Amino acid sequence: MVKLLIGHKGSGKTNQMIQLANDCVANSDGSIIFINKNHRLMYELSYRMRVICMEDYEHITNIDEYIGFIYGIISSDHDIDMIFIDSILKHADVSLGDLPVFIDRLKAISEMYEVDFTVSVSAEKEEMIGVNFEGCEILNQ
């Protein structure tokens with residue numbers, strides 16, 4: 001399952017995602033991963049989850065490399081229940097035009113490896129042209 005938190009900057013998506021991730025850790029026996037652009041949220045997240053800061057991986061520069069990175073995370077831990085991706089449009093030069101392919105790939109990965117994703121996107125649903133929302137849950141609408 002791919003869950004989306006959508007809305008423009010300042011609409012509270014990150015705080016909602018932090019709360020969701022911390023709740024998920026408290027109620028899960030598996031691994032929880034939180035991917036963020038930088039180290040800013042490190043101390044707001046539970047120590048029991050793996051926090052990955054994309055600034056540490058500066059050579060991931062496009063959507064294909066980003067998806068490969070996600071495969072690498074999944075291959076290193078077969079107990080992952082959930083991967084949170086905060087502000088995807090701030091990672092690896094991902095643009096609104098990349099979202100249809102990115103979301104479809106996440107749905108396929110989710111189905112194949114039984115890993116759920118929660119992704120925040122700084123855009124309104126109407127701006128996400130070409131995204132197939134079937135099989136996605138929008139958490140904040």
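Q: How many helices and strands does the chain of this predicted model have, and what pattern do they follow along the sequence?
A: The predicted model contains 3 helices and 6 strands. Read along the sequence, they follow the pattern β-α-β-β-α-β-α-β-β.

Q: How do you know whether the radius of gyration agrees with that of a compact globule?
A: For 141 residues, a compact globule would have a radius of gyration near 14 Å, and the chain has 14 Å, so the value agrees. The C-alpha atoms fill a box of roughly 35 × 30 × 30 Å along the principal axes.

Q: What share of the residues of the chain counts as buried?
A: Of the 141 residues, 45% count as buried. The chain exposes about 7,400 Å², and carbon and sulfur atoms supply 47% of that area.

Q: Among contacts between residues at least 6 apart in sequence, what share joins residues at least 24 apart?
A: The share is 69%.

Q: How many positive and negative side chains does the chain have, and how far apart do the centres of the two sets lie?
A: There are 11 positive and 23 negative side chains, and the centres of the two sets lie 6 Å apart.

Q: How many aromatic pairs does a search of the whole structure find?
A: The search finds 4 aromatic pairs. One of them joins Tyr57 and Phe69.

Q: Why is the pair of Tyr57 and Phe69 called tilted?
A: The ring centres are 4.8 Å apart, and pairing requires centres within 6.5 Å. The planes stand at 55°; because stacked means under 30 degrees and edge-to-face means over 60, the pair is tilted. Tyr57 belongs to the loop between β3 (50–53) and α2 (63–76), whereas Phe69 belongs to helix α2, 12 residues apart.

Q: Why is the pair of Tyr71 and Tyr113 called edge-to-face?
A: The planes stand at 80°, and the ring centres are 6.1 Å apart.

Q: Why does Ser87 count as buried, and which residues does Ser87 touch?
A: Ser87 has 8% relative accessibility; because buried means under 20%, Ser87 counts as buried. Ser87 is placed in the loop between β4 (80–85) and α3. Not counting residues up to four places away in sequence, Ser87 touches Thr14 and Ser120.

Q: What is the phi of Ser87, and what is that of Glu114?
A: Most residues other than glycine have a negative phi. Ser87 has a positive phi of about 55° although it is not a glycine. Phi of Glu114 is near 55°, also positive in a residue other than glycine.

Q: Why is Glu114 called exposed?
A: Glu114 has a relative accessible area of 68%; exposed means over 50%, so Glu114 is exposed. Its place is in the loop between α3 and β5.

Q: Why does Glu124 count as partly exposed?
A: Glu124 has 26% relative accessibility, a value between 20% and 50%, so Glu124 counts as partly exposed. Glu124 is in the loop between β5 (116–121) and β6 (136–138).

Notes. Residues are numbered from 1 along each chain as its sequence is written. This is a predicted model: local features need pLDDT of at least 70, side-chain atom pairs count only at pLDDT 80 or more; totals for chains, interfaces and linings use all residues. Side-chain values use heavy atoms; hydrogens and water are left out. Helices (H or I, at least four residues) and strands (E, at least two) are DSSP runs, numbered from the N terminus. The radius of gyration is taken over C-alpha atoms; the globule rule is 2.2 Å times the number of residues to the power 0.38. Buried means under 20% relative accessible area, exposed over 50%, partly exposed in between (1.4 Å probe, protein chains only). Contact means heavy atoms within 4.5 Å. Accessible areas come from the Shrake-Rupley method with a 1.4 Å probe; for residues, only the protein chains shown count as cover. Lys and Arg count as positive and Asp and Glu as negative; His and the chain ends are not counted. The place of a charge is taken as NZ of Lys, CZ of Arg, CG of Asp or CD of Glu. Rings of Phe, Tyr and Trp (its six-membered ring) pair if their centres lie within 6.5 Å; planes under 30 degrees apart count as stacked, over 60 as edge-to-face and the rest as tilted.
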